[in-house]
Every structure is written in structure tokens, then in C-alpha cells.
Amino acid sequence: MTILVAYASRYGATAEIAERVAATLSAEGHDAVARSVTDADAGSAVEQAEAVVLGSAVYMGHWRREASEFLEQHRAALAQRPVWLFSSGPLPGAVVPERVAKNAGSDDGTPHEAPAAVAALGAREHRVFDGRLDPDRLGARDRLIRALPGGKGLLPLVDGRDWPAVEEWAREIAGQLHGEG
């Protein structure tokens, strides 16, 4: 089965999650490719894909603008195929699994856009993964915030991505798709 893993990433952490999902799906026997939502080929890849995994980095409780725009632009095509959504960016400790499962709201790491996106697309699931903050990859504004007194507490050096959990989720997706094939 052909699977597009589309993503919107600011500093590369979400892209790395998408690439790991695609690699795991490929190892499970699917033809999976990870592409940025801003990649010109990503739009045509939606039409060619039999399933889609769409993910975005989360900042201030929201998906990246380009992820929301991609979802809107391809809403009809996405609604016609199996879709899974993921978000990354909350720092370790911000994700409360039992509340995420209920899409309880942004205070648990779920971005504001997720519940509506799940409903609009009939998405099978929305998963939240802890993020990474690497000060060497930050943009000028975030470097300035980090340089302020107390800024390192707001933007600590951390990588909370749980690779076994990412891979297990991708295997769960693969299993569901194998069951439909």
C-alpha cells in the first residue's frame, strides 16, 4: 500500500518523526514516503497515496500554519482515504496520555486544530509525541527568548521523543492497513 507521511516542521524534530514513521511503515511492507507539506510534490502525492499520515509541530497550542493549509487544500482527497494525524512539540511532561486519548484540549499537548481535523477527515487517530528543543537549531527570536533571565527554563535543551513509541504507533498503522488489504 502507498502511504504519504506529510509533515510541517519548524526545526526538524517533526520531520525526523515523520521519517521514522515512513521507515517503519516501509519495514512493515508498505511503500511509504515522508514529505514536507510545502514540498510541491506533496499535493500530488496525496492523490496517489492510498493512506496518509499527517503531522505537525505544535507551537503555543497550534499546528504550524502550513499543516492547516495543507489539510484544508486537500480535505476532500484526505477524507476519501485512511488518515492518521500526529502532533509533536510539547516538551517532556506536557503530554498527559489519558487526556490526550480524549482530545481534552490544548493543555494536555493536543493542538486546538486536532479535534476538528479528526472529525472533518474521519481520521482514525490523533497521536501526540513529546518534542525536541535544540538551542543550536533555534531561530533568532527563540534564541533571544532563551538568552533572557529565566529563558533557559522556558526553552530548555531537551529531546523527549520516544522512538519506540513512534515506531510502535507506525506498526499499529501498518497492522490496520494490512487487515484491510
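Are Phe-86 and Trp-169 buried or exposed? Both Phe-86 and Trp-169 are buried, where buried stands for a relative accessible area under 20%, exposed for over 50%, and partly exposed for what falls in between, with a 1.4 Å probe and protein chains only. The structure is a predicted model, in which local features need pLDDT of at least 70 and side-chain atom pairs count only at pLDDT 80 or more, while totals for chains, interfaces and linings use all residues. Residues are numbered from 1 along each chain as its sequence is written, and side-chain values use heavy atoms, with hydrogens and water left out.

We can begin with the aromatic rings. A pair of aromatic rings is described by the distance of the centres and the angle of the planes. Rings of Phe, Tyr and Trp (for Trp, the six-membered ring) pair if their centres lie within 6.5 Å, and the pair is called stacked when the planes are under 30 degrees apart, edge-to-face when they are over 60, and tilted for the rest. A search of the whole structure finds three such aromatic pairs. One of them joins Phe-86 and Trp-169 edge-to-face, with 6.1 Å from centre to centre and 70° between the planes. Because Phe-86 lies in strand E5 (residues 83–88) and Trp-169 in helix H9, this pair ties together parts that are 83 residues apart in sequence; helices (H or I, at least four residues) and strands (E, at least two) are DSSP runs, numbered from the N terminus. Phe-129 and Trp-169 also form an edge-to-face pair, with centres 5.7 Å apart and an angle of 65° between the planes. Phe-129 belongs to strand E6 (residues 125–129) and Trp-169 to helix H9, so this pair ties together parts that are 40 residues apart in sequence. Phe-129 counts as buried at 5% relative accessibility, and Trp-169 counts as buried at 0%. Through these ring pairs, Phe-86, Phe-129 and Trp-169 are linked into a cluster.

In one of them, the side chains of Glu-167 and Arg-20 meet at 2.7 Å, N to O. This pair links distant parts of the chain, since Glu-167 is in helix H9 (residues 163–180) and Arg-20 in helix H1 (residues 13–27), 147 residues apart. Glu-167 is partly exposed at 22% relative accessibility, and Arg-20 is partly exposed at 29%. The charged end of Arg-20 also sits over the ring of Trp-163, 4.1 Å from its centre; for this, NZ of Lys or CZ of Arg must be within 6 Å of the ring centre and within 35 degrees of the ring normal.

Helix H3 (residues 65–73) shows how burial can be arranged around a helix. Its buried residues are Glu-66, Ala-67, Phe-70 and Leu-71. An α-helix has 3.6 residues a turn, so residues three or four places apart point the same way. On the other side of H3, Arg-65 and Gln-73 are exposed. Glu-66, buried with a relative accessible area of 16%, forms a salt bridge with Arg-64, the closest N and O atoms being 3.1 Å apart.

Definitions and conventions:
Salt bridge = Lys/Arg side-chain N within 4 Å of Asp/Glu carboxyl O.
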